[in-house]
Amino acid sequence: MYPDVIFESSWEVCNKVGGIYTVLSTRAKTLQEASADSVFFIGPDFWKETESPYFIEDKTLYSEWRMNAAEDDLFVRIGRWAIPGEPIAILVDFKPYFRQKDQIYTWLWENYRVDSLHAYGDYDEASMFSYAAALVVESFYKYNLDHTKRVVYHANEWMTGLGALYINKVLPEIGTIFTTHATSIGRSIAGNMKPLYDYLFAYNGDQMAEELNMQSKHSIEKQTALYVDCFTTVSDITANECKELLDKPVDVVLPNGFEDNFVPKGAVFTSKRKKARKRLLDIANALLGAQLGDDTLIVATSGRYEFRNKGIDVFIEAMNRLRLDERLDRNVLAFIEVPGWVGEPRKDLQDRMKSGQSYDTPLDVPQVTHWLHEMNNDRVLGMMNSLGMHNVGSDKVKVIFIPCYLDGNDGIVNLSYYDTVLGNDLSIYPSYYEPWGYTPLESVAFKVPCITTDLAGFGLWANSVKGCYSEISDGVKVIHRTDYNYSEVADVIKDTVFSYSRFDKKDVDKSRKSAESLSKKALWSHFIEYYKTAYDIALRKAEERKLTIQSNNK
């Protein structure tokens with residue numbers, strides 16, 4: 001069974017803050033092609049002083065329903081999500097529901113035993129949005145649809161769990177799907193330096209939530225997983241995590257695909273790659289007072305500033321070991337492109353770059369491109385300093401921290417993230433906790449081979465495609481990682497980068513071509529089949545409820 005109408009909610013609809021934005025925004029085109037304008041993405045409307053750059057309002061869309069909803073104090077804006085496929089997006093004002101918070105949480109406890117008493121941080125904000133999103137679906141369904149339509153509601157992450165439970169209770173004829181992209185308690189265990197994998201079978205999710213002060217987020221996530229029609233996650237490794245920590249096996253795994261329409265082709269690709277490499281080398285030479293040429297091997301890591309979970313620590317360790325390897329006979333320039341608590345772009349660096357001159361002396365703190373708040377407490381700079389990584393002229397390996405979002409307007413790089421990735425020769429994502437991993441997938445799409453681990457969903461998938469551990473000549477080097485083999489992982493990264501630095505043009509071309517070929521196997525045109533399975537599961541359960549309700553009413 002395939003739905004006539006799909007509602008999908010996420011905090012990241014028209015709100016680019018993380019990887020879920022990429023999941024939804026790239027999948028939208030495929031859904032639109034299958035069900036034109038029958039897919040409705042619901043996101044938070046907190047755009048008051050400035051408008052979302054990803055939302056195009058259209059007051060002609062469902063204008064009668066919008067006005068009817070306003071009469072019930074449900075305030076929405078309707079338009080298009082400014083992404084390929086341009087699906088319909090509904091942004092809802094959730095702030096009025098804070099006044100009803102206690103009553104909503106009481107209802108949640110009475111019906112589903114969700115513990116909201118220990119809420120803090122973003123729990124309240126996410127829950128009020130989730131509730132408002134569910135009211136949008138309820139209002140739209142009653143005004144525009146009827147029981148003959150097959151409808152699914154797809155909720156993403158714990159932030160939308162409350163709404164999924166509301167739909168489950170109030171509109172039983174709608175099939176519900178819940179996707180956890182990473183369990184809140186699993187991420188917390190890993191982020192608190194506790195061994196997650198070797199002891200996963202022994203952890204009690206409820207007990208760990210209490211220990212780590214995660215009771216409310218864990219509770220809403222667990223109860224949503226238990227009660228929705230179809231519970232899903234993004235990889236086999238996270239599916240095991242769900243079974244152990246949420247006490248609920250997933251019904252289907254939904255791996256994250258992507259569309260490659262953002263990857264430039266032909267001469268444009270070549271031109272952008274040259275521009276990115278020149279920009280990165282110019283930054284390094286101005287900052288370091290060096291003359292690194294185009295034969296420099298450029299490597300990088302990127303993602304959220306999760307020092308251990310994303311493997312930033314082991315990346316730095318590996319680069320330090322490579323720096324001390326006397327066999328290395330090629331300059332290596334390594335970038336850490338991770339948004340930190342950034343202050344402002346360095347004016348001294350800007351001035352040097354604008355001058356067009358060459359310099360033979362480094363700037364002060366030649367490891368960072370932007371000034372940070374609390375420089376002395378930054379973990380990247382702290383680890384580099386403790387290892388003596390000061391980017392001195394004699395070092396064959398130089399490591400530079402770019403601590404800002406690469407949006408094209410950071411004041412130093414001034415290229416978007418995708419345009420910057422093009423300049424890499426090799427990308428490194430040695431994650432300890434990574435349910436899927438878009439960064440390595442994006443890297444190979446741009447023909448940049450990468451190193452990752454088998455604790456990342458993408459790494460496991462790459463291995464499954466090959467049928468054994470993938471190597472750098474296959475476009476992706478997948479390293480076996482455990483709770484305790486940090487040092488071994490650092491050595492394997494070091495050795496892989498060293499080996500790649502000695503690849504001839506034929507070997508490099510083979511690796512780059514293999515990387516691109518692998519990325520084609522992760523297009524949404526392939527992975528959308530898993531979603532069809534999830535839709536079918538949810539709709540069949542909704543159909544059973546519908547028949548039961550009809551039978552009871554006779």
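Student: Ground rules before we dig in?

Tutor: This is a predicted model, where local features need pLDDT of at least 70, side-chain atom pairs count only at pLDDT 80 or more, and totals for chains, interfaces and linings use all residues. Residues are numbered from 1 along each chain as its sequence is written, and side-chain values use heavy atoms, with hydrogens and water left out.

Student: OK. How many helices and strands does the chain have?

Tutor: There are 19 helices and 17 strands. Both are DSSP runs numbered from the N terminus: helices are H or I with at least four residues, strands are E with at least two.

Student: What percentage of the residues is buried?

Tutor: Buried residues make up 59% of the 554. Buried means under 20% relative accessible area, exposed means over 50%, and partly exposed is in between (1.4 Å probe, protein chains only).

Student: What share of the contacts joins residues 24 or more positions apart?

Tutor: 73% of the contacts with a separation of 6 or more. A contact means heavy atoms within 4.5 Å.

Student: Switching to the inside: which residues touch the most other members of the largest nonpolar core?

Tutor: Trp 81 and Phe 458, out of 79 residues in that core. Helix H10 (residues 266-288) gives the most to this core, with 9 residues. A nonpolar core here is a set of buried Ala, Val, Leu, Ile, Met, Phe, Trp, Tyr and Cys residues joined through side-chain atoms within 4.5 Å.

Student: So what does Trp 81 touch?

Tutor: Not counting residues up to four places away in sequence, its contacts include Val 13, Cys 14, Tyr 21, Leu 24, Phe 41 and Tyr 54. Glu 12 and Glu 86 are also among them. Apart from this core lies another, of 57 residues, including Phe 7, Ala 69, Ile 78 and Ala 133.

Student: Why is helix H15 described as largely enclosed?

Tutor: Because 8 of the 8 residues of H15 (residues 438-445) are buried, the helix is largely enclosed by the rest of the structure. Tyr 438, Pro 440, Glu 442 and Ala 445 are among those buried residues. Just after H15, Lys 447 takes a positive phi of about 65°.

Student: Then where does Arg 113 sit?

Tutor: Arg 113 is in the loop between helix H3 (101-112) and helix H4 (123-144). Its phi is positive, about 55°, although it is not a glycine. At 49% relative accessibility, Arg 113 counts as partly exposed.

Student: And Asn 414, which loop holds that?

Tutor: The loop between strand S14 (397-402) and helix H14 (417-421). Asn 414 has a positive phi of about 55° and counts as partly exposed at 33% relative accessibility.

Student: Back to loops with something hidden. Is Leu 74 buried or exposed?

Tutor: Leu 74 is buried, with a relative accessible area of 5%. You'll find Leu 74 in the loop between helix H2 (63-71) and strand S4 (76-81). Leaving out residues up to four places away in sequence, Leu 74 touches Ala 69, Val 92, Tyr 97, Ala 132, Leu 135, Val 136 and Ser 139.

Student: Last one: which helix holds Ser 511?

Tutor: Helix H18 (residues 505-520). Ser 511 counts as buried at 0% relative accessibility. Not counting residues up to four places away in sequence, Ser 511 touches Pro 449, Ile 472, Ser 473, Gly 475 and Tyr 500.
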